[in-house]
Amino acid sequence: MIDLLQATKNQTKTAALMRMGFNQINYIMHKSVERGLARRNNMEDVLHISIDEKSFKRGHDYVTVLSNPETAAVLNVSHGRKKESVKEVINETFSKEQKGQIETVSTDMWEAYINTVREELPNSKLCHDKFHLVKYLNEAVDQVRRKETKRHEELRHTKYVWLKNKINLTEKQRLKFEAINNANYETARAWRIKENFRDIIFNQPFNEAFALFLRWLTDALNSQISSIIRVAEMFKRHAVAIINAIVLNRNNAMAERLNGKIQEIKLSAKGYRTFENFRIAILFFHGKLMLYP
């Protein structure tokens with residue numbers, strides 16, 4: 001018996017269930033998406049967009065996913081994450097007039113995304129996603145921990161102690177955390193700087209957002225912890241987009257959820273040989289298009 005849920009996302013199983021050929025199912029999906037994109041007439045309502053990457057095949061092979069955080073719809077997908085790919089996905093999706101109406105773009109600090117947004121969407125405000133910012137700080141904390149482990153044996157096997165939210169620590173992890181934190185190791189100081197950034201509330205008036213970020217940045221740059229200073233200097237270079245995110249409370253949370261759903265499509269299909277088939281599957285399941293004839 002073919003699993004009906006799996007068959008909905010696996011074209012081979014769907015073909016077997018419907019007693020059709022794979023090529024017929026593939027053709028139906030392509031024509032449905034083509035029809036849905038042609039019918040889409042609400043693009044002038046899209047004021048906020050997210051740009052994120054998703055791995056396609058092994059190695060450094062990615063797709064760029066353009067989505068609407070308000071509706072959780074994938075708007076378009078392009079192959080690659082270089083500047084040309086990002087330009088392509090924006091210009092294929094929006095007219096010149098529609099591009100001028102976009103107010104915010106949420107993305108990580110990938111240079112190709114930043115530069116393309118500045119060139120193609122000059123009226124929009126670039127916002128750097130908090131999830132990715134905290135990820136950089138988590139990596140910095142772990143670098144400090146690994147370096148300090150050479151001098152303090154008790155830091156071994158504590159990687160996840162410093163990544164977890166304190167309330168989610170097991171009792172054993174909590175005891176380890178308290179011991180190291182009270183000893184004021186460099187790892188603990190790096191963790192506190194990371195947590196201070198996480199505690200900044202995103203949705204603040206500009207003056208407060210600027211003051212909070214500047215205070216955090218000053219503390220981080222004065223920490224004398226090289227890994228933290230490197231991240232702080234990077235944040236300083238991207239300060240405008242980070243403050244925009246704090247003020248406007250824009251992030252890639254919905255894009256990350258869509259990323260997880262796209263991964264489900266990949267796993268159900270056991271991968272895709274061609275980019276175009278991958279793109280069609282993403283838009284078929286998550287484009288929120290009118291697919292019916």
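**A residue in a helix, and its setting**

Tutor: E92 belongs to helix α4, which covers residues 83-93 (helices are DSSP runs of H or I with at least four residues, strands are runs of E with at least two, and both are numbered from the N terminus). The model is predicted, so local features need pLDDT of at least 70 and side-chain atom pairs count only at pLDDT 80 or more, while totals for chains, interfaces and linings use all residues. Residues are numbered from 1 along each chain as its sequence is written, and side-chain values use heavy atoms, with hydrogens and water left out.

E92 counts as exposed because its relative accessible area is 53% (buried is under 20%, exposed is over 50%, and partly exposed lies in between, with a 1.4 Å probe and protein chains only). From E92 to T107 is a step of 15 residues along the chain, and the C-alpha atoms of these two are separated by 19 Å.

H238 presents another setting. H238 sits in the loop that joins α12 (226-237) to α13 (239-248), and H238 is buried because its relative accessible area is 11%. When neighbours within four places in sequence are set aside, H238 is in contact with M109, E111, I114 and H128 (contact means heavy atoms within 4.5 Å).

N203 is not a glycine, yet its phi is positive, near 135°. The loop between α10 (186-198) and α11 (206-221) holds N203, which is exposed because its relative accessibility is 53%. K288, likewise not a glycine, has a positive phi of about 50°. K288 occurs in the segment after α15 (275-286), and K288 is exposed because its relative accessibility reaches 59%.

The whole chain may now be considered. The secondary structure comprises 15 helices and five strands. Along the principal axes, the C-alpha atoms fill a box of roughly 65 × 50 × 30 Å. Of the 293 residues in the protein chain, 48% are buried. Among the contacts between residues at least 6 apart in sequence, 60% join residues at least 24 apart.
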